Amino acid sequence: MTSATPDATLPAASPAVVLTVAGSEATGGAGAQADLKTFQELGVFGIANLTCIVSFDPKDSWNHRFVPVDQQVIADQLEATTAAYGPASGAPSALDTVKIGMLGSPATISTVAGALKENSFANVVLDPVLICKGQEPGHALDTDQALKSQILPLATFVTPNRFEAESLSGLDITDVESLKAAAVRIHELSGAAVLAKGGVRLEGPDAVDVFYDGQTLEVLSAPKVGEVAVSGAGCSLAAAVTAELAKGATPLDAARTAKDFVTAGIRNRVASGAPFDALWQGGAR
């Protein structure tokens with residue numbers, strides 16, 4: 001009796017296709033670079049459309065240098081990507097899941113919001129980057145308001161950190177209970193599933209995040225690995241959620257997998273000459 005062998009002439013199953021609309025971060029620890037590495041590790045085909053270029057300035061305390069991408073260039077990227085893989089493209093694996101990272105300006109927010117409305121994406125994961133250091137304060141505030149009014153209502157899943165959760169909810173977050181309240185409030189405002197990240201910013205031995213989708217409220221916790229935030233943790237968490245949703249996971253299961261993925265990446269972080277470490281997306285291997 002012989003066992004069946006795979007037919008080499010048959011095409012392999014197409015992986016799920018996912019898009020990140022985000023900034024480039026020059027050291028590779030965060031932004032679109034972190035997203036693409038996360039997508040690859042989790043077995044999906046990743047595409048990046050860039051909104052801005054961020055490079056830390058080692059001559060100025062490693063503050064951000066922020067350069068926006070031209071609006072037409074952003075629109076062109078979105079047009080090409082959706083024509084090739086979007087819901088109406090006819091591609092074997094249609095692009096129905098997108099992650100939104102740093103947008104950086106009201107103009108970019110308007111461009112991206114238009115593209116989201118034109119395409120029937122099943123999953124829109126918003127990592128609500130509200131403030132980019134290096135931006136003029138008034139411009140940053142305008143960007144925050146535009147993000148809340150134009151992108152948040154289109155999101156199906158939101159992953160705010162403590163500061164972002166305070167801004168979106170209007171609540172002060174000092175402990176797990178207030179983090180829970182913020183997650184509930186953000187869901188009420190957006191209708192989206194929420195993974196509110198306390199991380200290392202809340203006191204206690206564990207890095208705590210809260211998931212809420214209108215029915216299930218669950219606290220996700222893992223022992224802290226150090227007391228300082230690691231570059232790329234937030235980006236990678238949202239990207240991991242994006243990848244898992246694209247593969248068919250429920251929002252809660254996607255959140256759980258993303259939490260484990262990021263915890264392993266922080267544990268196996270990458271050090272450099274910069275005054276911060278970066279998460280390694282291969283940390284779970």
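At roughly what angle do the axes of helix α7 and helix α8 cross, and within what distance do they come? This is a predicted model, and in it the two axes cross at roughly 140 degrees and come within 8 Å. Two further helix pairs and a pocket complete the tour below.

**Helices α7 and α8**

- Helix α7 covers residues 233-246, and helix α8 covers residues 251-267.
- Angles over 145 degrees would count as roughly antiparallel, so at roughly 140 degrees α7 and α8 are oblique to each other.
- Their crossing is right-handed.
- On the α7 side, the contact is made by Ala233, Ser236, Leu237, Ala240, Val241, Glu244 and Leu245.
- Facing them from α8 are Pro251, Ala254, Ala255, Thr257, Ala258, Lys259, Phe261, Val262 and Ile266.
- Sorted by class, the residues of this contact of α7 with α8 are 12 nonpolar, 2 polar and 2 charged.

**Helices α1 and α7**

- Helix α7 also meets helix α1 (residues 31-41): their axes come within 9 Å and cross at roughly 40 degrees.
- Since angles have to be under 35 degrees to count as roughly parallel, α1 and α7 are oblique to each other.
- This crossing, too, is right-handed.
- From α1, the contact draws on Gly31, Ala34, Asp35, Thr38 and Phe39.
- From α7, the partners are Cys235, Ser236, Ala239, Ala240, Thr242 and Ala243.
- The contact of α1 with α7 holds 6 nonpolar residues, 4 polar ones and 1 charged one.
- Ser236 and Ala240 of α7 take part in the contact with α8 and also in the one with α1.

**Helices α2 and α3**

- Helix α2 spans residues 71-85 and helix α3 spans residues 106-118; their axes come within 10 Å and cross at roughly 20 degrees.
- Because angles under 35 degrees count as roughly parallel, α2 is roughly parallel to α3.
- α2 passes α3 in a right-handed crossing.
- Gln71, Ile74, Ala75 and Leu78 of α2 make the contact with Ala107, Thr108, Thr111, Val112 and Ala115 of α3.
- Of the residues in this contact of α2 with α3, 6 are nonpolar, 3 are polar and none is charged.

**The largest pocket**

- The largest pocket holds about 1300 Å³ of space.
- It is lined by 49 residues, and the closest to its centre are Asn161, Arg201, Val230, Gly232 and Gly234.
- The lining of the largest pocket comprises 26 nonpolar, 13 polar and 10 charged residues.

How values were computed: Residues numbered from 1 in each chain as written. Predicted model: local features only at pLDDT ≥ 70, side-chain atom pairs only at ≥ 80, totals over all residues. Heavy atoms only, no water. Axes fitted to C-alpha atoms, helices over the stretch in contact; angles between N-to-C directions. Helix = DSSP H or I, 4+ residues; strand = E, 2+ residues; numbered from the N terminus. Parallel < 35°, antiparallel > 145°, perpendicular 65-115°, else oblique. Left-handed = near helix turned anticlockwise from the far one by under 90°. Contact = heavy atoms within 4.5 Å. Nonpolar A, V, L, I, M, F, W, Y, C, P; charged D, E, K, R; others polar. 1 Å grid on protein atoms, 1.4 Å probe; cavity = no way out; pocket = protein on both sides within 12 Å on 5 of 7 lines; lining within 4 Å. Points joined across faces, edges and corners; volume = space filled by probe spheres on them.
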